[in-house]
Amino acid sequence: MLAVVRYPYCLLILLVIGISGCGDSGEYATTPVSGIVTCQGKPVANATVSFTPLPDSSREPGHNGRPGYGITDKDGHFVVTTYEDNDGAIVGKHEVTVGLNVDEGSGRAPPFACKGAKKEVTVERGTKEYNLDF
């Protein structure tokens with residue numbers, strides 16, 4: 001009878017161990033990334049800048065790594081965070097997009113002339129400054 005009671009717990013433990021081993025658990029190398037976002041030459045304030053890793057031959061297929069994000073200040077300046085604060089973006093090719101954040105006063109994002117614009121950027125080792133005009 002004791003073996004029957006333990007069996008569900010053993011099964012649960014094996015299931016937890018199996019699940020924890022799945023997914024993109026490895027962290028890829030990052031390098032500091034910062035810059036300024038402009039739209040038609042004007043700084044873009046209060047926007048989220050997303051660096052989404054693209055497929056790369058140095059990574060396992062389907063495991064491109066975690067996207068990095070930064071929030072622009074009033075001058076359009078941002079610093080990217082991927083795993084830890086301000087650690088930068090994963091080394092390699094990225095699709096970079098910008099989206100305006102919701103204005104606390106109105107509860108909506110303001111109109112954005114460069115909405116939907118994307119850029120492809122290659123992040124290389126070493127501190128990099130990316131000035132992105134959309």
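Rings of Phe, Tyr and Trp (its six-membered ring) are taken to pair if their centres lie within 6.5 Å, with planes under 30 degrees apart counted as stacked, over 60 as edge-to-face and the rest as tilted. This is a predicted model, in which local features need pLDDT of at least 70 and side-chain atom pairs count only at pLDDT 80 or more, whereas totals for chains, interfaces and linings use all residues. Residues are numbered from 1 along each chain as its sequence is written, and side-chain values use heavy atoms, with hydrogens and water left out.

Select Phe-51, Phe-78 and Tyr-130, which ring pairs link into a cluster; the structure holds two aromatic pairs. One of them joins Phe-51 and Phe-78 in a tilted arrangement, 6.2 Å centre to centre with 40 degrees between the planes. Both Phe-51 and Phe-78 are buried, that is, under 20% relative accessible area with a 1.4 Å probe and protein chains only (exposed is over 50%, partly exposed in between).

Next, select Val-33, which, leaving aside neighbours within four places in sequence, is in contact (heavy atoms within 4.5 Å) with residues including Phe-51, Phe-78 and Tyr-130.

The torsion about the S-S bond of Cys-39 and Cys-114 is about 90 degrees, so the disulfide is right-handed. Both Cys-39 and Cys-114 are buried.

Key. Disulfide = S-S within 2.5 Å.
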